[in-house]
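This report describes one protein model. Look at the sequence and the structure before reading on.

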Amino acid sequence: MTRRVARAVIIGGGVVGASVLYHLAKAGWKDVLLVEKSELTSGSTWHAAGGMHTFNGEANISRLQKYTIDLYREIEALSGQSCGLHPNGGLMLAANQGELDSLRLICSRARYLGMETRMISLEEAVQFNPLIDPQNFIGALWRADGGHCDPSGTTQAYVKAARQLGATVERFTRVTALTQRRGAGWEVVTDKGVIQTEHVVNCAGLWAREVGHLVGLELPVLAMEHHYLLTEDIPELAGRSREIVNTTDYAGEIYLRQERGGALIGTYEPNGLVWAPLKTPEDFAMQLLPDDFERLAPYFEVGFKHFPALGRVGIRKAINGPFTFAPDGNPLVGPVRGLPNFWVACAVMAGFSQGGGIGLVLSRWMTQGDPGQDILSMDVSRFGAFATPKYTSIKVPENYSRRFRLAYPNEELPAARPVRRSPIYDKLLAAGAVMGANFGLEHALWFAPKDVEPRETPTYRRSEAFDIVRAECRAVRERVGLYETSNYGKYEVTGHGARAWLDRVFASRIPRPGRLGLAPMLNEAGRIMGDLSIACLAEDRYLIIGSGFAEEFHLRWFWATQPPADVFVRSAATLTGFSIAGPQARALLQRLVRIDLSREAFKLFDVRETAVGFAPVIFTRAGFTGELGYEVWTTPDYCVTLYDELLEAGSDLGLAHFGGRALSSLRLEKNYGSFNKDFRPDYTPGETGLDRFVDFGKADFTGKAAAAAERAAGPSRRFVVMEVAAQDADVVGYESIMKDGKAVGYVTSGAFGHCVGKSLAAGYVPTALAREGEIFSIDILGEECRAVVRLMPLYDPAGIELRG
């Protein structure tokens, strides 16, 4: 058996694998090899519709999609291979108010992203696409970017460009095993020999699951059957000087574009069919699946109604082929904890919109140690152990059926829930909890009073929960509230070398025993990898608290730092906890503890291992509401007892439950940012304001040089909270912040501040404009709303209540 050596081996010859090959070669890695078990494009790529667009609810993914589309001219020029580009632009149609609000939000976001986008009349929409029957719609959005390309030509262009840069492709080469080598690297065993390599990239598409199995990894990826139709020539398209604009019909769940003299029409139908639920056939190549037009006829008939000319011509061809999806519809990209130099780039169902961007960020990650921008929404680490095959088999069909449905900001999808539940889940439901899911764990969003049904209408505007959340906020500010914190991320660090390791990994000062510290964590580029807190229980034992959604993300980061042999890092996810906050918080808890909770005896950021009632706990004087507050952590076996005792102790003090919606309102009233929403790997300590927690006097820490350079030069933008003159809708996120008619920044999060009576928006603006009273405008669902910077919190600016 022959043996060869390569720096990186990419498994899979679809458009994503070809893009990764090209970008690694472009980054200077010449000895990179792509292996494909059959012909290039033979999985899903060859039968794709080839659509390309920049529409995405996540701004950073939109940017990568824009990069992908712009890249095609570059690889055409380098390779001499046409991508078959049809840059027609994109058109989205709205049939109801919710859909229209969604288009307006997309339009607002596009202004800062620099994407030519505008709301248009239905008359103008018909000029772009004369097949539209305007009586079925109430509004439309047009975007210049987008169109469609030739799937095979585009993939070949990537490959030819990569070959010119020194990369190699081997077709008809099947990978049969992957083995980690001692020290570092991998052996890729194929039917033609063994390849020794530093890096392996799983771009196997329909076979990504099986390639994952070769290294003991269960990726949350599943294939769905997907149909589209090609019509005969349509008379209404004859004689046009240019093709119709690619069109998406929300209400009809239809996408449409021109194909020669006819049209291509596809649908993401309800009750879609999973393909190869257990194992992808090894010999599946360049194949389609049997037509199932009878099952799909009702859904295509909606398209024929909305675009009547389609119904007056025949169907020339039906295409049914499998495509892979992750449970939330976004790709799975990045390294995998515990598998050094094993990378994934799979579940990319929109490969011709996203493939180029994925190749870019993954090549940066592999060659430079960092993707170069925030890709949390695509990072494979957003799924943890909860994403089992059963979970994936339920969530993927749900996502498929909703691909062209709106995802309202207050909407929680029901499939595969509940999966993870805290011990008091049923008790919270009995108290009226309306639940969300965070990293698979159920948590309360708000609590319906006894006479109110615990459900909420999905909307972009203020819902029926608005007044209920206001009451929860006021209960915290005026009396005392209880919030379950079990959905936070929790980690235990122990060992003789724990303090030294933490001192290197975190940019902050590590607290002494009995104290808690706020702790930003940076990468080498000086960007925010986490905004956590560290409780020092002893010199060799620490509890770290962070964002629950980022549990696997942060565990992977800790693992990548290679803790020394005398440091042990583990997830403490099973810890349960409560936040008790409000003016009566001390009085409530003093009834249950033997320690003195007076202000002088138990100060802000103090930590103690003690007992609260029956429960042994880790007890901290901290919180996220800006009120006098405590956090109490205990093991699951004590959780119910602790909860019952807290309710009893607070019964005469006006204790009320509050949920995540109230917490968002309360924290913005205090100008607090939140990791994932406001603080992400795109931002720096100076931009976020977290530099006040950075210990620049330390000998060294990860990212110190970059953070010190920023400190000397000053940040170019800053995080601010603004008071917004909004009417019946608050910001969602990524709306453009406008100044003198130009987009100068963007929103990261927002909520109504119920205890200050103001709509609040957090975001980033140029440093020169980050001044008290500076006036901007924010486009909220088509309305220009005045926004005024408030550098000091609107609630308790001096922090008197917080210090208690």
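The text below covers a helix, some aromatic rings and a pocket.

The model is predicted: local features need pLDDT of at least 70, side-chain atom pairs count only at pLDDT 80 or more, and totals for chains, interfaces and linings use all residues. Residues are numbered from 1 along each chain as its sequence is written, and side-chain values use heavy atoms, with hydrogens and water left out.

**Helix α1**

Helices (H or I, at least four residues) and strands (E, at least two) are DSSP runs numbered from the N terminus. Helix α1 covers residues 15–26, and its end C-alpha atoms are 16 Å apart, which agrees with the 16 Å that 12 residues should span at 1.5 Å a residue. The expected span is 1.5 Å times one less than the number of residues. A residue is buried under 20% relative accessible area, exposed over 50% and partly exposed in between, for a 1.4 Å probe and protein chains only. Of the 12 residues of α1, 11 are buried, so the helix is largely enclosed by the rest of the structure. Among them are Val-15, Tyr-22 and His-23. Gly-28 follows α1 and has a positive phi, near 110 degrees.

**Aromatic rings**

There are 37 aromatic pairs in the structure. Rings of Phe, Tyr and Trp (its six-membered ring) pair if their centres lie within 6.5 Å; planes under 30 degrees apart count as stacked, over 60 as edge-to-face and the rest as tilted. Two pairs are listed here.

| Pair | Centre to centre | Angle between planes | Type |
|---|---|---|---|
| Tyr-408 and Tyr-460 | 5.1 Å | 55 degrees | tilted |
| Tyr-683 and Tyr-764 | 4.2 Å | 20 degrees | stacked |

Tyr-408 lies in the loop between α9 and α10 and Tyr-460 in the loop between β21 and α11, so their pair ties together parts that are 52 residues apart in sequence. Both Tyr-408 and Tyr-460 are buried. Tyr-683 lies in the loop between α16 and α17 and Tyr-764 in strand β36, so this pair ties together parts 81 residues apart in sequence. Tyr-683 is buried at 2% relative accessibility, and Tyr-764 is buried with a relative accessible area of 2%. Tyr-683 and Tyr-764 belong to one aromatic cluster that also includes Tyr-112 and Phe-679.

**The second largest pocket**

A pocket is an open set of points on a 1 Å grid over the protein atoms alone, where a 1.4 Å probe fits, with protein on both sides within 12 Å along at least five of seven lines; lining residues have an atom within 4 Å of a point. The second largest pocket is lined by 40 residues, and those nearest its centre include Trp-365 and Trp-557.
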